[in-house]
Amino acid sequence: SRLERFSAENPPDVALQRIGGPYLDPAHVAEVERGCVLTTLGPEVARRPEVRPGVAASMRVMAAALERCLPGDRSALAALATMVGAVVLARLADDAATAEAILTAAKAEVQRGVAG
C-alpha cells in the first residue's frame, strides 16, 4: 500500500525515487528477514505452485505502482525486474563495494525509465 500511495500522491519522478530509493538501499539488502518477499522467497515460491498466487498478487501491485511512474507496462515490469534482481545480486555479493555498485547501476537504470 505504501508503493501505491507514493505513486498516486507524487509526480512520477518523485514517486519513483521514493519507491526505488529505499528498495535499492543497502539497508534493505541487509534486512533479509524483513525485506521484500520477491527477493527473499521468489525462487522457493516458484517451486510451490500452491503459494504462488499470493506472491504474484504482490508482484502485480508493485508493477502497477511502478506503471504510474513509468511510461508503458513493459517499462514498469523492467523496473521491477531490475530492482528485484539487483537486491538479490547485492545480497550475493561478497563485498560491500560490489553490492553498492549493483544497487547504483540499478537505480540509474530505473531512473532512466522516467526520462524515456
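Visitor: Where does Met 83 sit?
Guide: Met 83 is in helix H6. Keep in mind that this is a predicted model.

Visitor: Okay, and is Met 83 buried or exposed?
Guide: Met 83 has a relative accessible area of 1%. The cut-off for buried is under 20%, so Met 83 counts as buried.

Visitor: Which residues does Met 83 touch, if I skip the ones up to four places away in sequence?
Guide: Met 83 touches Ile 19, Gly 20, Tyr 23, Leu 24, Leu 66 and Val 110. Take Tyr 23: it is 60 residues from Met 83 along the chain, yet their C-alpha atoms are separated by 7.3 Å.

Visitor: Let's switch to His 28. Where is His 28 found?
Guide: In helix H3. His 28 is buried, with a relative accessible area of 12%.

Visitor: What does the side chain of His 28 reach?
Guide: The backbone nitrogen of Cys 36, at 3.2 Å. Leaving aside neighbours within four places in sequence, His 28 is in contact with Pro 22, Tyr 23, Gly 35, Cys 36, Val 87 and Arg 91.

Visitor: How much space lies in the second largest pocket?
Guide: About 150 Å³. Among the residues lining the second largest pocket are Leu 38, Val 45, Arg 52, Met 59 and Val 84. H4, H5 and helix H6 (73–92) each supply at least two residues of that lining.

Visitor: You mentioned H4. Which residues of H4 are buried?
Guide: In helix H4, residues 37–46, the buried ones are Leu 38, Thr 39 and Val 45. Looking down the axis of H4, those buried residues fall within an arc of 135 degrees, so they line one face of the helix.

Visitor: What about H1, which residues are buried there?
Guide: Leu 3, Phe 6 and Ser 7 are buried in H1. They cover an arc of only 90 degrees around the axis, which puts them on the same side of H1. On the other side of H1, Ala 8 and Glu 9 are exposed.

Visitor: What covers the buried residues of H1?
Guide: The cover includes H2 and H5.

Visitor: What comes between H1 and H2?
Guide: There's a loop, and Asn 10 is in it. A polar atom of the Asn 10 side chain lies 2.9 Å from the backbone oxygen of Phe 6. Setting aside neighbours within four places in sequence, Asn 10 is in contact with Arg 5, Ala 15 and Arg 18.

Visitor: Which side chain does the side chain of Arg 68 make a polar contact with?
Guide: That of Ser 7, at 2.8 Å. Arg 68 and Ser 7 are 61 residues apart along the chain, and their C-alpha atoms are separated by 6.0 Å.

Visitor: Last one: is Arg 34 buried or exposed?
Guide: Arg 34 counts as exposed, at 67% relative accessibility. You'll find Arg 34 in the loop between H3 and H4. Arg 34 and Gly 54 are 20 residues apart in sequence, and C-alpha to C-alpha they are 17 Å apart in space.

Methods: Residues are numbered from 1 along each chain as its sequence is written. This is a predicted model: local features need pLDDT of at least 70, side-chain atom pairs count only at pLDDT 80 or more; totals for chains, interfaces and linings use all residues. Side-chain values use heavy atoms; hydrogens and water are left out. Buried means under 20% relative accessible area, exposed over 50%, partly exposed in between (1.4 Å probe, protein chains only). Helices (H or I, at least four residues) and strands (E, at least two) are DSSP runs, numbered from the N terminus. The arc is that of the directions from the helix axis to the C-beta atoms. On a 1 Å grid over the protein atoms alone, a cavity is a set of points where a 1.4 Å probe fits but cannot get out, and a pocket is an open set with protein on both sides within 12 Å along at least five of seven lines; lining residues have an atom within 4 Å of a point. Grid points are joined across faces, edges and corners, and a volume is the space filled by probe spheres set on the points. A polar contact is a pair of N or O atoms within 3.5 Å; within protein, one must be able to donate a hydrogen and the other to accept it, and residues adjacent in sequence count only if both atoms are side-chain atoms. Contact means heavy atoms within 4.5 Å.
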